[in-house]
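Subject: Structure handover

Hello,

Here is the structure I said I would pass on. My notes on it follow below.

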Amino acid sequence: MPRPCRVRISAPMAIREKAKKLDRVLKALEKFYSRSVLPEGTDPLERLIFCWLFFTNPVTNARKAVKMLEDENVFGDWNEVRVATQRELEDVFKEARIEDAESLAPRIKTFLQNVFEELDDTALEPLKELKPDKAKKFLASLEGLPSWAITYMLVTLGLDTQVPWDPHTERVGARIRLFDPNAALPQRKKLLRAALQDDDPLRLHHLFVEHGKKTCTEEDPKCPKCPVNKDCEYYLRRGARASKAEAGGNGTKAAKKKG
Ligand code: SF4
């Protein structure tokens with residue numbers, strides 16, 4: 001007797017589908033927000049400070065602030081930034097329209113001071129010589145650094161290939177369903193990394209942060225205008241239905257009411 005034919009989705013196939021989806025999503029986001037949101041330059045410290053400012057501020061303001069910090073007529077180098085007063089740092093940030101200047105200035109100053117005390121310099125390149133575990137331990141010990149920035153730095157230094165995990169990445173990835181939001185955190189991270197395949201984790205990080213700040217906000221995401229809504233399960237399952245019902249709303253209010 002012939003065996004019944006079972007339809008089974010194999011794990012590799014599921015990953016291939018997710019990889020294709022993520023590739024489409026990243027291309028669409030890059031087109032929508034432009035490549036200006038991606039990291040520039042090769043100095044790890046410059047990249048880190050830019051990303052730190054960009055995390056809560058518009059990309060143009062973050063770039064302007066970094067440019068001013070490196071300007072010879074302002075501080076000139078990162079060691080001069082380290083020894084500047086908190087007020088001087090705040091003033092530069094305010095001129096560049098960095099919104100949270102008062103909280104970022106002391107954190108960045110503390111971070112630079114801690115790096116200097118440990119490495120005798122503010123340059124982070126010497127960390128490349130360490131084993132990944134040691135570099136990770138060192139970065140984790142530095143006061144003031146956001147938790148996602150540890151992975152960000154390790155990837156920048158070529159010591160890790162994981163995706164920096166932050167609230168924007170978590171939210172966007174879960175809504176697009178690049179991973180099961182109910183899975184344990186290590187599993188969610190593993191699934192997202194697998195879907196990224198050989199692509200750059202920092203490209204994903206910058207694009208998802210920008211998307212999370214501007215469009216896929218925690219409250220009231222702008223789904224009908226979202227460049228990846230065709231690939232978003234949150235929108236396809238809930239937002240589109242709500243959009244029709246509300247005829248002109250942002251498409252997520254009904255979804256929010258249902259939790
Ligand atoms: S469609 Fe909505 S929920 Fe989905 S990624 Fe876009 S903004 Fe976020």
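Which of the 15 residues around the ligand come nearest? They are Cys216, Cys223, Cys226, Cys232 and Tyr235. Please keep in mind that this is a predicted model.

The ligand site

The shell around the ligand is made up of ten nonpolar, three polar and two charged residues. Two helices, α9 and α12 (233–246), each contribute at least two residues to that shell.

The chain as a whole

The protein chain has 13 helices and zero strands. Taking the contacts in the chain with a separation of 6 or more, 59% are between residues 24 or more positions apart.

Helices α9 and α11

Helix α9 runs over residues 167–176 and helix α11 over residues 201–214. They pack at an angle of about 80 degrees, and their axes are 8 Å apart. An angle from 65 to 115 degrees counts as roughly perpendicular, which means that α9 is roughly perpendicular to α11. On the α9 side, the contact is made by His168, Thr169, Arg171 and Val172. On the α11 side, His205, Phe208, Val209, His211, Gly212 and Lys213 make the contact. By type, the residues of this contact are three nonpolar, five polar and two charged.

Helix α8

How many of the ten residues of helix α8 are buried? Eight are, and the helix, residues 147–156, is mostly covered. The buried residues are Trp148, Ala149, Ile150, Thr151, Tyr152, Met153, Leu154 and Thr156. They pack against α2 (44–54), α7 (132–141) and α11. After α8 comes Gly158, which has a positive phi, near 80 degrees.

Leu154 is one of the residues of helix α8. Why does Leu154 count as buried? Leu154 has 20 C-beta neighbours inside 10 Å, and a residue is buried if that number is 20 or more. Setting aside its neighbours within four places in sequence, Leu154 is in contact with Pro132, Ala135, Lys136, Leu159 and Asp160. From Leu154 to Leu139 the distance is 8.7 Å, C-alpha to C-alpha, and the two are 15 residues apart in sequence.

Glu46 in α2

Glu46 belongs to helix α2. Glu46 has 18 other C-beta atoms within 10 Å and is therefore partly exposed. Not counting residues up to four places away in sequence, Glu46 touches Gly41 and Val66. Glu46 and Glu70 are 24 residues apart in sequence, and their C-alpha atoms are 8.8 Å apart in space.

Loop residues

Most residues other than glycine have a negative phi. Ser34 is not a glycine, yet its phi is positive, about 75 degrees. Ser34 sits in the loop between α1 (11–33) and α2. Ser34 counts as exposed because it has 11 C-beta neighbours inside 10 Å, and the limit for exposed is 12 or fewer.

Asp220 is not a glycine either, and has a positive phi of about 55 degrees. Where in the chain does Asp220 lie? Its place is in the loop between α11 and α12. With 12 C-beta neighbours inside 10 Å, Asp220 is counted as exposed.

Ser36 is in the loop between α1 and α2. Ser36 has 11 other C-beta atoms within 10 Å, so this residue is exposed. Ser36 and His206 are 170 residues apart along the chain, while their C-alpha atoms are separated by 9.9 Å.

Where to look

Regards

Note on methods:
Residues are numbered from 1 along each chain as its sequence is written. This is a predicted model: local features need pLDDT of at least 70, side-chain atom pairs count only at pLDDT 80 or more; totals for chains, interfaces and linings use all residues. Axes are lines fitted to C-alpha atoms, for helices over the stretch in contact, and angles run from 0 to 180 degrees between N-to-C directions. Helices (H or I, at least four residues) and strands (E, at least two) are DSSP runs, numbered from the N terminus. Angles under 35 degrees count as roughly parallel, over 145 as roughly antiparallel, 65 to 115 as roughly perpendicular and the rest as oblique. Two residues are in contact if their C-beta atoms, placed from the backbone, lie within 7 Å. Ala, Val, Leu, Ile, Met, Phe, Trp, Tyr, Cys and Pro count as nonpolar, Asp, Glu, Lys and Arg as charged, and the others, Gly among them, as polar. A residue is near a molecule or strand if its C-beta atom, placed from the backbone, lies within 6 Å of it.
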